[in-house]
Amino acid sequence: MLTPRTIRCGGCSQLLRVAPNPQPVQVQCPGCKSLLQVPGTASTAAATPAKPVVDFSNLPPPQVLRSVVEQPRGYRLPEPLPEPTSEPVAPSSRHSQDRPRNADTPRHRGRRSGVPGWVYVLVVCFIGGPVLCCGGLGVVGFVAKNVDLATLGGGLNTTVSPILLTSLPELGPVEQSLASGVNTYFVQLTGPPGVAASQMAMRVYLPPGDHAEGSLPCVLVAPAGTPLLHGASLVRGETYHDETLPYAEAGMVVIQYSLDGPVPEESRSGEEASMQAIASAYPQFRAAGGGIVNGKVALEYALAKLPMVDAQRLYSAGHSSAGNVALLLAAHEFRVNRCVAFAAAWDFESRLGDALSDPSLSRAFPGIRSFVKQSSPMNLVDKIRCPVMAFQSRDDDNVPHADAEKFIAKMEQAGQKVEFVSVTRGGHYDSMIDPGIGLATRWLQQPRVD
């Protein structure tokens, strides 16, 4: 009997489940309405959300893409990048970049010069009702329990509680044996509630065969598909491995780790409930440093429970919102030796634009201005101490290619080791799957040159 297949929509990054069928077919994403080519699914079955998420796709689109052909910088890949095609690309003149899009286009609202449309929805659906009915306490009522709001006023939390390091569980039985010979293991922490990362989950991928002590590199990967205001959970038996399995098939240990402050699926029954859930989850997400503490616990687990892991080859990687988490971890964990970020929100602070000045948003998300500023990759450049591979497609309609260029320029000005891989097509998601992860794997396997 065939089992449902899990895929990620390339338009909105939502995870979807599709009914089983041997024949390749098309299905439509219920969120962004994109048509997806899916092998082994039923043509009559609609795709349904597996883990509904709010991703960058609801934020405004990039400026007109530039036609400049970028060459990889810093570290050199063992093979040249695919040559760009001769297809015409929109001109990059100042006039064309500054010309506003049609005001009737839904994604036009709020790009840098105004408040993004999703913020208006949040303000109306979440803040309006509680504040008008209950005053300021209406907002506080939705804040997650067991989180001290005093911790939200300062810098990002980067500290792992010592109690977690003395109670890490063993690897346990195999969760799944995949066709390539890679085995997965599901690890659930059960620490005291209210302690950052104490209840997180991890999925460990081990390459086939026996491995000597300290013989394998380890890649740490967070789940993608969040607006970087709440976390993401992991569930047992998940069949979506496209963003993790390739590293394990290349001979690396992979640890996928959950992020504190997930939004439960049942809370997404409506727009208002969804926004309330996001605001409720935000304090936990921020108390874990926007995923920093979760990543550090995953790293500690690798060193404590996986003897085959080489402590000198610890890498962070991620796509879209998980790319931001990967960069955050690299900036705040000196033991991370390399970092790969695919289509991250390179300038997260600028991306949210004038929304950060809206007092209603600050009431719903305490300390959001400082949190966004401290977690934006553009502001992490001086903290990153390891080589970074930054990947971006020119036709990405979610993250501006120009933002990636700005990030790379700032990294180079700071004297950081950075490899910029810029491809012509593939959009926000498909370009990461192919050729992105393959190029990243080869880059991670190169001997480090200091």
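**Helix packing, backbone exceptions and burial**

Helices α7 and α8 lie roughly perpendicular to each other, because their axes cross at roughly 70 degrees and angles of 65 to 115 degrees count as roughly perpendicular. The model is predicted. Its protein chain has 450 residues, of which 54% are buried, and contains 13 helices and 14 strands.

**Chain as a whole**

- Among contacts in the protein chain with a separation of 6 or more, 74% are between residues 24 or more positions apart.

**Packing of α7 and α8**

- Two packed helices are described by the angle between their axes and the distance between the axes.
- Helix α7 spans residues 292–305, and its axis comes within 9 Å of the axis of α8.
- Helix α8 covers residues 321–332.
- On the α7 side the contact involves Ile292, Gly295 and Lys296, and on the α8 side Leu328, Leu329 and His332.
- By residue class, this contact consists of three nonpolar residues, two polar and one charged.

**Packing of α6 and α11**

- Helix α6 runs over residues 271–287 and helix α11 over residues 368–375; their axes are 12 Å apart, at an angle of about 45 degrees.
- The crossing of α6 past α11 is left-handed.
- Helix α6 contributes Tyr282, Phe285 and Arg286 to the contact, while α11 contributes Ile368, Ser370 and Phe371.
- Four of the residues in the contact of α6 with α11 are nonpolar, one is polar and one is charged.

**The buried side of α11**

- Ile368, Phe371, Val372 and Ser375 are the buried residues of α11.
- These residues are on the same side of α11, because they cover an arc of only 95 degrees around the axis.
- Helix α6 is among the elements covering the buried residues of α11, which also include α8, α9 (348–352) and α10 (359–364).
- Ile368 and Phe371 are buried residues of α11 and also take part in the contact with α6.

**Backbone exceptions**

- Most residues other than glycine have a negative phi, and most peptide bonds are trans.
- Ala197 is not a glycine, yet its phi is positive, at about 70 degrees.
- Ala197 belongs to the loop between β7 (183–188) and β8 (201–206); this residue counts as buried because its relative accessibility is 0%.
- Ser320 also has a positive phi, near 60 degrees, and is a residue other than glycine.
- The loop holding Ser320 lies between β11 (309–319) and α8, and Ser320 is buried at a relative accessible area of 0%.
- Asp434 and Pro435 are joined by a cis peptide bond, with omega at about 20 degrees.
- Pro435 is part of helix α13, which covers residues 430–445.

**A buried strand residue**

- Phe420 sits in strand β14, made up of residues 418–423.
- The relative accessible area of Phe420 is 1%, so this residue is buried, given that the cut-off for burial is under 20%.

Note on methods:
Residues are numbered from 1 along each chain as its sequence is written. This is a predicted model: local features need pLDDT of at least 70, side-chain atom pairs count only at pLDDT 80 or more; totals for chains, interfaces and linings use all residues. Side-chain values use heavy atoms; hydrogens and water are left out. Axes are lines fitted to C-alpha atoms, for helices over the stretch in contact, and angles run from 0 to 180 degrees between N-to-C directions. Helices (H or I, at least four residues) and strands (E, at least two) are DSSP runs, numbered from the N terminus. A crossing is left-handed if the near helix is turned anticlockwise from the far one by less than a right angle, and right-handed if clockwise. Contact means heavy atoms within 4.5 Å. Ala, Val, Leu, Ile, Met, Phe, Trp, Tyr, Cys and Pro count as nonpolar, Asp, Glu, Lys and Arg as charged, and the others, Gly among them, as polar. Buried means under 20% relative accessible area, exposed over 50%, partly exposed in between (1.4 Å probe, protein chains only). The arc is that of the directions from the helix axis to the C-beta atoms. Angles under 35 degrees count as roughly parallel, over 145 as roughly antiparallel, 65 to 115 as roughly perpendicular and the rest as oblique.
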